[in-house]
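Subject: Handover of a structure

Dear colleague,

Please find the structure below, followed by an account of what was found in it. I would be grateful if you could read the two side by side.

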Amino acid sequence: MSTLVALRPRILRPVAPPPSGVVRLEGAAKQVLESSRGRLTLAAGVFAIAFAVVGMRLVDLALSKPVNDAREFELPRANDAAGYAADRVDIVDRSGALVATSVPTASLYADPRDIKDAREAAKRLKTVLADIKVEDLEPRLAAEGRSFLWIKRNLTPRQQYEINRLGIPGLYFQREDKRIYPHGSLMAHVVGFADIDGKGLGGVEQAIDSKIRGGREPVQLSVDIRLQHIVREELQAAISEFSAIGGGGLVMDARTGEILSMVSLPDFDSNAPGSAPADNRFNRNTLGLYEMGSTFKAFAIAMALDAGTATMRSSFDAREPIKISRFAINDDHAQKRWLTTPEVFKHSSNIGAAKMALEVGAEGQKAFMRKLGMLDPVQLELPELGKPKFPRDWRPINVMTIAFGHGLSVTPTHLASGIATVINGGILRPPTLIKRKEGEPVPGKQVLKPATSDAMRRLMRLVVEDGTGKKAEAPGYWIGGKTGTAEKVSRGGYKKSARLSSFVGAFPIHDPRYVVLVMVDEPKGTKKTHGFATGGWVAAPAVQRIVQRMGPLVGLPPIDETPEIRRLLMVDSQSQPKEKSVAAR
Amino acid sequence: MIRRSTLFWLVCAVLIGCGLYQLKYEVQAKEERLVRLNRQIQAEQEAIHVLNAEWAFLNRPDRLADLANRHLEMTPVAPAQFGKVAAIPERSLIPVEAEAEAPVVAAKVVPAKTPTKPAPSLKTQIVEAKRPSTLHVARAEPVAKPFESKPLEFVSKPFKPDVVVIVDGALLANVRR
C-alpha cells in the first residue's frame with residue numbers, strides 16, 4: 001500500500017472518519033471503480049452529444065421548410081393560377097384571343113426488343129393509324145438492337161385509346177406538347193410556326209424562341225385578329241380581281257408604331273407549314289424588298305419642306321421630261337406646265353419630285369433616308385427581315401429616281417413606318433409586333449419638324465380628295481394617302497407589264513391614328529378599270545374598304561366635316577405656279 | 001415510487017406511440033388525397049387549356065363571318081347608318097297614356113287572351129301605343145272575329161336599323177329616323 005501511496009500522492013489526504021455502516025473501498029478496488037466511473041461519464045457524454053445532435057436536427061426539421069426533398073418531385077403538383085404549363089407559352093393577339101398554344105398529346109413509340117410478332121403488330125396498328133404502311137413499319141419493328149422507335153407523334157385521344165385497346169406489348173406512349181394555331185393561316189407570317197420538337201422555325205415563334213420557351217406569361221402581340229381578317233379578305237379580293245401573283249397588307253398604329261395587322265399573300269397554314277409551296281412562307285411585308293414607286297414622293301416632298309428648299313408655294317417646271325445621260329424622266333399623269341408643291345404631289349409628278357430632291361442634294365437625301373430608317377433593316381420581332389438596297393455612290397441620277405421611289409428598295413414595313421413618321425408630327429416610332437404596355441412611354445425620336453408633318457397631312461388628303469387616290473375616299477373617315485405604281489425590276493431593266501401597285505393611307509388624316517398599306521404584286525388591268533392596274537385603281541379601293549370596315553371596330557365611326565377639320569386639311573389651292581421664283585434659283 | 005413513474009412513462013410511451021401511429025396514417029391519407037386532388041386539378045387545367053384552344057378555333061373570324069352570312073340577316077354597318085347620341089330626340093318625361101296601356105312587351109308577344117271587349121285589331125293597338133314601327137308583327141290586318149285561342153305568330157324580318165349609334169366602339173342604340 002505504501003508504494004501505491006507513494007506513487008499517487010494525490011490520494012494522500014486526511015481520511016475522514018468513515019461513517020458508520022458505509023463501506024469504503026480502498027486500494028485496487030477503489031481504483032477500478034474510479035476508472036469505470038470515468039468511462040461511464042465519457043460514454044454518457046458521447047450519448048448526450050449524439051442525442052443533442054438528433055434533437056437539434058429534429059428541431060431543425062420541424063422549423064425549417066423542406067428544401068430539395070426528393071418526395072416533392074414524386075407528387076404531382078398542380079400549377080397555381082398559371083394553369084397548364086406547356087413547354088412553350090401561348091401567343092395571344094392584342095385583345096387576348098389565342099393565336100398559338102400547346103396542347104398535351106400522346107406520342108406512340110415502340111421498343112422493338114419487346115415486340116414479339118412484328119408483322120402482326122404492324123398489321124393491327126394499321127387498323128387504327130390509316131396512314132402507316134405495313135411494309136415500311138414491319139422491318140423497323142423487327143430490327144435487332146434498337147430500343148426506341150417513333151411510330152407516330154401527337155396522336156388524337158381517340159387514336160390513343162384505340163391503340164391502348166389493341167394491347168400490343170412493346171408499344172408505349174410518351175406525353176408531348178403539340179403546338180397548334182387555331183387560326184391556321186390567318187396569322188401565318190406573323191407567328192410563324194414551331195417544329196414537332198417545339199422549336200420555333202419562323203415568325204415570332206423563332207424570333208423570340210427563348211422567351212416563348214422559358215416564359216410563364218403568354219406573349220401578347222400587337223396584332224388584332226379581327227383587323228387581320230379584314231385586311232386578309234380585302235387583300236385577297238384585290239388579288240383575285242386583278243389576277244395578281246400576291247400582295248401585302250399592313251395596318252400600323254401611327255402613334256405607337258404597333259403593327260395591328262400584317263398580311264402577306266399567298267400564305268400557308270401554320271399547323272402544316274410543309275403543305276404549301278416554300279415560296280408562300282415568304283413574308284412580303286418584312287422580307288420583300290421593293291422599289292415602292294410614287295409613294296416615296298411623300299418622302300421627297302417632306303424632305304424638301306423639312307430642309308426648307310421648298311415651301312408649299314414653290315413651283316417646279318414640269319413642262320419637259322428630264323434627260324440625264326441615257327435616261328429620261330417622264331410624268332405618268334403629265335401636266336406639261338409649272339406645278340406647285342401640292343400639284344407635284346397631287347398629280348404624282350416624277351419630274352417635280354426629282355427636281356425637289358435635286359435641290360436638297362445627295363448628301364441631304366441620304367441623311368434624310370437614314371434618319372427615317374430607310375437604309376437599315378426594320379427592328380421587328382421576326383427573323384425574316386430584309387436589308388434595304390441602295391446605291392453605293394449616291395449620284396444625281398439616284399437622287400432623282402429615289403425621289404419617286406426607284407433605285408432604293410425597302411420593305412413595305414419601312415414604307416408604312418416612314419409614312420407614320422411623316423404624318424404623326426414627325427416622330428419615328430420603331431415598329432413592333434409586341435403590344436406596348438399601356439401607360440408606358442412609347443419610344444420615339446423627333447426626326448421631322450412638326451410643321452413639315454402638318455403640311456404632309458394636308459397634301460395626303462389632297463391626293464384622295466382630288467388626285468390619284470380618289471378611289472380611296474370613304475366619306476366621313478378622312479383618309480389621306482398616296483398611290484404608288486412601280487415597275488418591277490427584271491433582268492437588266494424595268495418591266496412595263498410587271499407592276500407593283502400600292503396605296504399607303506392614313507386616317508383620320510387630320511389627327512392620324514392608323515396607317516393602312518396595301519400592295520398588290522403584278523396586278524393585271526380589268527375591263528372595269530379600263531385596263532389600268534395602277535395603285536389608284538387596284539390598291540386604293542382595297543384601302544377604302546379596309547378603312548370602312550375597321551373604322552367602327554377601332555372606335556372611329558365616320559364624322560362630318562367640322563370647321564376644325566377643314567382648317568387642319570386646307571391646302572392653299574389658289575396659289576398659281578410662279579415661274580420666276582424658281583427660274584431665279 | 002420507481003414503479004409508479006415507470007408505469008407513468010410506459011403509459012405515456014404507449015399513448016404517444018398510438019398517437020403517432022394514428023397521425024402517420026392520417027397524414028398518409030391526407031397526402032394521398034392531396035395527390036389525387038392535384039392530379040384532378042392537373043387534368044382540369046389540361047382540359048381547360050384544350051378547351052381554350054378549341055374555343056379559339058371555333059371563334060375564327062372567317063368561320064364567324066360564314067356563320068353570320070348563313071344564319072343572320074345582318075349586313076355590315078354603312079357609314080350613313082351612324083348617328084350621334086345628341087341626334088336622338090328627347091323623350092317627353094310625361095308618359096303618354098297609350099304607352100302605359102300598351103307597353104312594348106305586350107305588343108311584341110301578344111298573349112292569346114280572350115278579350116272581354118270586342119277586340120281591337122293588333123294594328124290599332126300598335127298605333128295607339130305610338131311606338132316606332134320597328135316591331136314586325138304578323139297578321140296585322142284587322143281581325144273581325146273575336147280572338148281565337150291561338151297565339152299570334154312572330155315573323156322575323158331582316159333587321160335593318162336606319163341609324164346605329166356607336167360610342168367608343170360599342171353599339172349603343174339603333175335609332176329610326
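Val92(A) stands opposite Leu98(A), a residue of strand β2 of chain A. This is a predicted model, in which local features need pLDDT of at least 70 and side-chain atom pairs count only at pLDDT 80 or more, while totals for chains, interfaces and linings use all residues. Residues are numbered from 1 along each chain as its sequence is written, chains are lettered from A and ligands numbered from 1 in the order in which they are written, and side-chain values use heavy atoms, with hydrogens and water left out.

Helices (H or I, at least four residues) and strands (E, at least two) are DSSP runs, numbered from the N terminus. Two strands pair if DSSP finds at least two bridges between them.

Strand β1(A), residues 91–92, runs antiparallel to β2(A) and is joined to it by two bridges. The two strands form a hairpin with five residues between them, and Gly96(A) in the turn has a positive phi of about 95°. β2(A) also pairs in the antiparallel sense with β4(A), residues 171–180, over ten bridges; there, Ser107(A) has Gln174(A) as its bridge partner. With β3(A), residues 149–155, the antiparallel pairing of β2(A) covers four bridges, and Ala110(A) is partnered by Leu149(A).

Of the 13 residues of β2(A) (residues 98–110), 13 are buried (under 20% relative accessible area; exposed is over 50%, partly exposed in between; 1.4 Å probe, protein chains only). The strand is therefore largely enclosed by the rest of the structure.

**Salt bridges**

Over all chains, the structure holds 36 salt bridges (a side-chain nitrogen of Lys or Arg within 4 Å of a carboxyl oxygen of Asp or Glu). In one of them, the side chains of Glu205(A) and Arg88(A) meet at 2.8 Å, N to O. Glu205(A) lies in helix α8(A) (residues 203–207) and Arg88(A) in the loop between α3 and β1, so the pair ties together parts that are 117 residues apart in sequence. Glu205(A) is buried at a relative accessible area of 0%, and Arg88(A) is buried at 1%.

A further salt bridge joins Glu138(A) and Arg119(A) at 2.6 Å, N to O. This pair links helix α5(A) to helix α4(A), 19 residues apart. Glu138(A) is partly exposed at 23% relative accessibility, as is Arg119(A) at 41%.

Yours sincerely
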